[in-house]
Amino acid sequence: VLLHIVDLAPLDPAVDPVKEARAIVTELKKYDEALYRKPRWLVLNKIDLLAAEEREAAIKTFLRRYRWKGPWFAIAAVSGEGCKPLTFAIMEHLERHAGERAEESA
């Protein structure tokens with residue numbers, strides 16, 4: 001699984017997180033089609049830089065504009081907020097797909 005980490009609150013207000021996220025996916029596809037096809041989860045970082053009352057709206061707006069339908073997580077990496085559910089989900093995913101990894105390496 002690939003974690004696509006996007007700064008939801010970029011330091012430069014002129015930066016559009018949706019545009020930046022799309023650019024990364026475009027580059028990933030150009031770089032390696034097989035890597036591009038792997039499952040990808042969206043991780044929205046720097047939620048701590050948003051006022052608490054603005055977070056939910058900012059997340060919903062991003063997801064709508066980005067047209068994301070897959071798994072997503074909102075975190076503040078610097079404080080660890082939201083990281084525990086993400087790490088648990090990664091572990092569950094790895095455990096669920098352990099058999100597939102064993103078959104691939106054989």
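E81 has a relative accessibility of 34%, so E81 counts as partly exposed; buried means under 20% relative accessible area, exposed over 50%, and partly exposed in between, with a 1.4 Å probe and protein chains only. Before going on, the source: this is a predicted model, where local features need pLDDT of at least 70, side-chain atom pairs count only at pLDDT 80 or more, and totals for chains, interfaces and linings use all residues. Residues are numbered from 1 along each chain as its sequence is written, and side-chain values use heavy atoms, with hydrogens and water left out.

Back to E81. Its side chain meets that of R55 in a salt bridge, 2.7 Å from N to O; a salt bridge here is a side-chain nitrogen of Lys or Arg within 4 Å of a carboxyl oxygen of Asp or Glu. E81 sits in the loop between β3 (72-74) and α4 (83-96), and R55 in helix α3 (residues 52-66), so the pair ties together parts that are 26 residues apart in sequence. Helices (H or I, at least four residues) and strands (E, at least two) are DSSP runs, numbered from the N terminus.

The structure holds 6 salt bridges. Another one joins K30 and E27, with the closest N and O atoms 3.7 Å apart. Both residues belong to helix α1 (residues 17-31), 3 residues apart, about one turn of the helix. K30 is exposed at 63% relative accessibility, and E27 is partly exposed at 48%. R37 and E33 also form a salt bridge, 2.8 Å from N to O. R37 is exposed, with a relative accessible area of 63%, while E33 is partly exposed at 31%.

Now R40, in strand β2 (residues 40-45). What is the nearest side chain of opposite charge to R40? That is E33, 9.4 Å away, and R40 is buried with no salt bridge; Lys and Arg count as positive, Asp and Glu as negative, and His and the chain ends are not counted. A polar atom of the R40 side chain does lie 3.3 Å from the backbone oxygen of Y36. Leaving out residues up to four places away in sequence, R40 touches L2, H4, V25, L28, W68 and P71, contact meaning heavy atoms within 4.5 Å.

Last, the surface. V1, L3 and I5 form a nonpolar patch there, with about 240 Å² of accessible area together. V1 is in the segment before β1 (2-7) and is partly exposed at 36% relative accessibility. Patches are made of residues with over 30% relative accessible area and no salt bridge, like charges being joined within 9 Å and nonpolar side chains (Val, Leu, Ile, Met, Phe, Trp, Tyr) within 5 Å. Accessible areas come from the Shrake-Rupley method with a 1.4 Å probe; for residues, only the protein chains shown count as cover.

Conventions:
A polar contact is a pair of N or O atoms within 3.5 Å; within protein, one must be able to donate a hydrogen and the other to accept it, and residues adjacent in sequence count only if both atoms are side-chain atoms.
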